[in-house]
Amino acid sequence: MDKLILGLLMIKPFTVYEIRQVTRQNFSSMCSDSLGSIQAALKKLSQQGAVTASEYVEKGKMKREYAITASGRILFLDWLKTPIDMTKNKNMDLGKFLFMGYLPKKDQIQMLDLAIERLEVEVQELEAVRDSIHFAEEQDKVRVYLEQNSHLATELIETSQAGGLAESISQIGYFELKTLEFGLDSARFQLDWFIKLRQQLSEKEKEVSDAKY
């Protein structure tokens, strides 16, 4: 989670509650959006000197905002340049699937039905996120903010080695969209796979039942 937070802070400072909102909307499949998890990650990053905190008053309320430091940028980019390893995705619930043969047939079907229901919800939620995002508008907001904070714009262009601010924002948005597509395609694949398995078990159960009569 700490690296995801650093990635968010590469664009602009955030409060804890803003980080939670973005995490809930976009990263729910990657990490927890609990305040405790976010605060623990920020504490770790603060101890590493990767982020700094500043307080300000907005509408009579004291708020604390976190910003990435120079060493935080180095830490984030070093992590970002390590090879992507999709084999590290561990899901202990696969153990339930592995040993599902120990259950009676009716329980197997019930477990698959529940898995299908949850995947259907996940697909619907991801589709809703996709449909709610207006990338052109979002990128315009980011551009305006960065133009008003030129030091952040300069650091972003230097980091991405893009031809300018617009190109840098565009390539960041491109991979954000692709990440969403990956999550949606993965959820759809799993949903289709479990539906097919559910059908196969039902057909197998019917064949056994027919053979008895």
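Q: What percentage of contacts between residues at least 6 apart in sequence join residues at least 24 apart in the protein?

A: A contact means heavy atoms within 4.5 Å. Among contacts in the protein between residues at least 6 apart in sequence, 59% join residues at least 24 apart. Please note that this is a predicted model, in which local features need pLDDT of at least 70 and side-chain atom pairs count only at pLDDT 80 or more, while totals for chains, interfaces and linings use all residues. Residues are numbered from 1 along each chain as its sequence is written, and side-chain values use heavy atoms, with hydrogens and water left out.

Q: How many helices and strands does the secondary structure of the protein hold?

A: Helices (H or I, at least four residues) and strands (E, at least two) are DSSP runs, numbered from the N terminus. The protein has nine helices and three strands. Their order from the N terminus on is α-β-α-α-β-β-α-α-α-α-α-α.

Q: What is the radius of gyration of the protein, and what would a compact globule of 213 residues have?

A: The radius of gyration is taken over C-alpha atoms, and the globule rule is 2.2 Å times the number of residues to the power 0.38. For a compact globule of 213 residues a value near 17 Å would apply, but the protein has 23 Å. The C-alpha trace spans about 80 × 40 × 35 Å along its principal axes.

Q: How many aromatic pairs does the structure hold?

A: A pair of aromatic rings is described by the distance of the centres and the angle of the planes. Rings of Phe, Tyr and Trp (its six-membered ring) pair if their centres lie within 6.5 Å; planes under 30 degrees apart count as stacked, over 60 as edge-to-face and the rest as tilted. The structure holds six such pairs. In one of them, the ring centres of Phe 97 and Phe 194 are 5.9 Å apart and the planes stand at 65 degrees, so this pair is edge-to-face. The pair links distant parts of the chain, with Phe 97 in helix H5 (residues 94–98) and Phe 194 in helix H9 (residues 165–211), 97 residues apart. Together with Trp 193, Phe 97 and Phe 194 form one aromatic cluster.

Q: Is Phe 194 buried or exposed?

A: Buried means under 20% relative accessible area, exposed over 50%, and partly exposed in between (1.4 Å probe, protein chains only). Phe 194 has 17% and is therefore buried, whereas Phe 97, at 31%, counts as partly exposed. Buried residues make up 26% of the 213 residues in the protein.
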